[in-house]
Amino acid sequence: MDSQTRPKNPGTTHPKPHGVPASTVRGQKRGSRSYADVDPNNLPVKKPRTMVSPHQTGNKIAEPRTRRLSRQFWKAGDDKEDERPPRNCGNDAAIKVHPQFLHANATSHKWALGAFAELLDNSLDEACNGATYVHVDSTTNQKDGKSSMLIVQDNGGGMDPNRFRECLSLGYSRKRNVANTVGQYGNGFKTSTMRLGADAIVFTRSRGANSGNTTQSVGMLSYTYLYETRKSEAVVPTVDFELVDNNWVALTHGDRDKWFDNLETIVKWSPYVSQQAMFDQFDLLEEQGTQIVIYNLWDDDEGKLELDFDTDGHDIQLRGVNRDEKKIEMAKAYPNSRHFLTYRHSLRSYASILYLRLPPNFRIILRGKEVEHHSLLENMMMTEDITYRPVASPELSSDEDMVAALKIGFVKDAHHHIDIQGFNVYHKNRLIKPFWRVWNAAGSDGRGVIGLLEANFIQPAHNKQGFERTALLARVENRLNKYQKTYWSKRCHEIGYAPRRIQKNHESGVTEAPTSADPAQCRPNRNSQKETTQPSVANRTHEIGLKNRTNGLGVSCKETRLVHQAAEFQKQKAQLEPQVRHPKARVQELEKRQKAQLEEKTRNLKNVETKQVAELQRQKRQLELQLRQSKSKVQDLEKRPKVKDYESAKLVVELQRQKGQLELQIKQSQYKIQDLEKRHKVKEDDLQRQKACLELSKSVVQDLEDSLKVKDVESSKLVEELHEHKAKIQDLEESQKVVDELVVELQRDRGLLESQLKVSQAKNQEFEKSQKAVMDVFQEERGRRDVTEDALRKKLRGAYDVMDTLKMKVNALEADQAFCKKVHMHML
C-alpha cells in the first residue's frame, strides 16, 4: 500500500472518504460488489463520454428553458400549462413516479411541526439499536453563506446500503410488524423532509450486520434538482462506501459510470462548496448514526422563512396563523396551561409532550439544549381514573389491547376560567391528537377539563396527526364526550362555576348536564336554596286551593298574600339559620375578606408610593447629570482663551446664572423627596394603626363569639354587633379615601415636578444653542485669523522670492566683476 492510499490517521477505524479516481478501480469483486480505492489527493475523474455534436448531424436541438422552483411550499407544486413536457417523458412502457408526486405527497402535512415529529419518530425507533439522543439544530448553507438549513442527527444503528435505498424508496417500511415502533407506512421521511424544505441530503454510517464491514452512504432527495432539470421520474442519487483494510472504498454495484454520475450530481446540487466539504460531514457521525440535512427551506406568503430561528435561540418556532401572541402572553401568566397555549407554534413545547414515555437514557436535544419531557398529569388536579373498554367489532383484531386507561381532571389553572380543554390521545406512546376537543359547548361548560388516553386499538392516519375516521373512532369520541360532561357536572362548582343540575340518561347510564340554553345553568348557589323552599310553598297553595274548591270558591287575594309572605319568611329563615348556627365561621369569613381587602389596598398604595419615589429619584439623577454636564461645559469655556467681545462675557455670566438655578431646582427636588419620604412614613404609621384597630375588632368579635348562644335573642345581638362592625369597616373605608386623596396630591406634586423638569430641559436646550453661537463666533474669529496668516505667509514668500532674485543678481555682478578683473590683468 503506497502513502497516497493510506488514511491520514492510521489509528482510527473510520477514516474519511475522499475522491475516488476512476483510473484506480481494482476490478476485484466480493459477491455482487465492486470496489475502488480511495485517493485522498485526487478528485473523481471520469472518462468523457462520446457525444455527437449537433453540427455533425445538421440538426438543431432546442435545449429546455431553465425553470425556477417557487420558494413557497403550497405553490411549489404548480406547473405552467404552456410549458411543454420534458423530452424524455415519452411513451415508455414502464410507469414511473413523477417528481411532482414528492410535493403532492408532502401536502399530507398541513402543519410543519407534524413533519418534525416524523423525523423524531425515526430517531426514537433507533433506541433499540443503541441510540441515546437526537439533535435538531440549524446551520448555514455553505454555497450562498446566508440561507438556513436544518440538521437532524442521531447516533442510532444507521443504515447499510440496502436499507438506505429502502428508506429513500416510496412506501417501503420494515416497521409495520416490528413491536414498539411508531412508523408503519414507510412514508414519513419523504413527506417530512419535503414539507420542511425543497431538498434533503442524508449521511449514514452502519457497523454492518453479521460481522460485516462498516459502510457509509450519502444520498440526496432533491425536488429542486428534479424540477429545474425537468426530470420525468423521481431520481434519488446515492453513493456508498465500505471500510476494507482500514480504507474507504467505493461500492459501485457493477456500474462505475453511474456511481460517478450520482456523486457528481450530489456535489453539484448539495449545499456544500466542494466534494471534500461534503465528505467532511461524516466526521460528525460516531461509529454509527444518521444525519439528515434539509436545505432550501420553504418561505411563507410574506417571503420570510416559514420556520423562525431568531425569536428563541434554543427553539424553532412557526410564523403565521399558528402563532398567536395573545396565547403566548397567557402562557406566561398561566404556566400550567403553557403547553396547551404554545404547542401549535413552538417545537420545544410540542416535542416535550410528543411521547408518553421516553426510553431510558434517550434525550431530545433542540439547538444545543435538552427538551424536558413533560407529562400532562403534572398539570392536572382532582383526577379520576376511568377504564375504557371498547365494544367488540370487526375493526378490532383478537390480539389487540382492548382496555385503555383514561385520566381525566381539571387543569391547575382552571379556577381562572380560561378556555382550556381537550384530551391528549396517544397511540403506541406517540401523541396523535393533541388536546382533542370533543365537547363544543356554546357557553362555559367543559372549560378546564383535560384528559390523557393511550388508544392502541385505533389506527392513526398517514400523517400521524389524527386517526382514521371509522365507526370505532366515532364511538371513542362519543364516550369521551360523555365522560367530560359527567365529570364537569359533578365537579364544576369546585373551581368556581355554578353547580349544574345532573340529569340521568337511562339509555347510556351516564349523567349529563343541561345545555347552555337552559336558564338554570347560570343560577348561583343561593337560588338553589330558593328552589328547595318552593315545593313547600307550592304544596300549601295546593292545599288552600283544595279547601276552597270544597266550598266552591277560588283562592282569595289575602290567602295568596299570606302564601307569599310565608315563602319570603321561609327564605329569610333559610338565610339566617346558617348565620345563627355557625356565627364563628361567618365572622371569620368576614374578617378574612376585610383583611384581604385592606392588605390589597395597602399593597397598591405602597406600590404607587414606591413608583413615585423611584421616579423622583430618577429625575434627581437626571438633573444631577445635567448639572455635571453644565459644569463641565462651563469649565471647558473657562479654560478656552478669553474673547474680547463683550457678548461672550455676558454669555458666561448668563450660563453661571442658569447653573445656579439648576442647583436650586435640584435642592428643591431633594426637599420634596424628603417630604415624600416623611409622608410615606406617616402613611405607614396610619396603616399600622388601622391594623391595630383591626386586631382590636378581632378581639371584640372573639368576645362576642364566646358570649353567643344558639338563641333568637342572642342572634339578634350578633346581628347588631355585625352592624357595628360594618360601621367600623365604613370608617376604615373613609380613612382609605383620605389615603386616596393623599395619593392624588402626590400625583399632582409629581405633575408639577414634571413641568419643572420640562422647563429645565428647555433651558438646557437654550444653553446648548447659546453655546453653539459662541462656538460659531470662535470659529469665525479663527477663520479671520487664518485668512490674515495666509496673507502674511504669501507676503513672506514674496519677500523670500525677491531676496533670492537679488542674491542671484549680486552673484551675477560679482562674477562679471571677477571676469573683468581677469581680463584687465591679462591686458596688463
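The model described here is predicted.

**The chain as a whole**
- The secondary structure of the chain comes to 17 helices and 20 strands, and 39% of its 828 residues count as buried.
- Among contacts between residues at least 6 apart in sequence, 71% join residues at least 24 apart.
- The chain has an accessible surface of about 48600 Å², and 51% of this area belongs to carbon and sulfur atoms.

**Inside the fold**
- Once its neighbours within four places in sequence are left aside, Leu480 is in contact with Leu406, Phe423, Trp436, Val438 and Leu453.
- In helix α4, which covers residues 161-168, the residues Pro161, Phe164, Glu166 and Leu168 are buried.
- The buried residues of α4 pack against helix α5 (188-196) and against the strands β5 (197-206), β6 (215-222), β7 (238-244) and β8 (247-251).

**On the surface**
- A nonpolar patch on the surface is formed by Leu796, Tyr800 and Met803, which together have about 310 Å² of accessible area.
- Met803 is found in helix α17, which runs over residues 712-827.
- Met803 counts as partly exposed because its relative accessibility is 42%, a value in between the limits of 20% for buried and 50% for exposed.

Key. Residues numbered from 1 in each chain as written. Predicted model: local features only at pLDDT ≥ 70, side-chain atom pairs only at ≥ 80, totals over all residues. Heavy atoms only, no water. Contact = heavy atoms within 4.5 Å. Buried < 20%, exposed > 50% of the residue type's maximum accessible area, 1.4 Å probe, protein only. Helix = DSSP H or I, 4+ residues; strand = E, 2+ residues; numbered from the N terminus. Patch = residues over 30% accessible without salt bridge, like charges linked within 9 Å, V, L, I, M, F, W, Y side chains within 5 Å. Areas by Shrake-Rupley, 256 points an atom, 1.4 Å probe, with all protein chains shown as cover. Salt bridge = Lys/Arg side-chain N within 4 Å of Asp/Glu carboxyl O.
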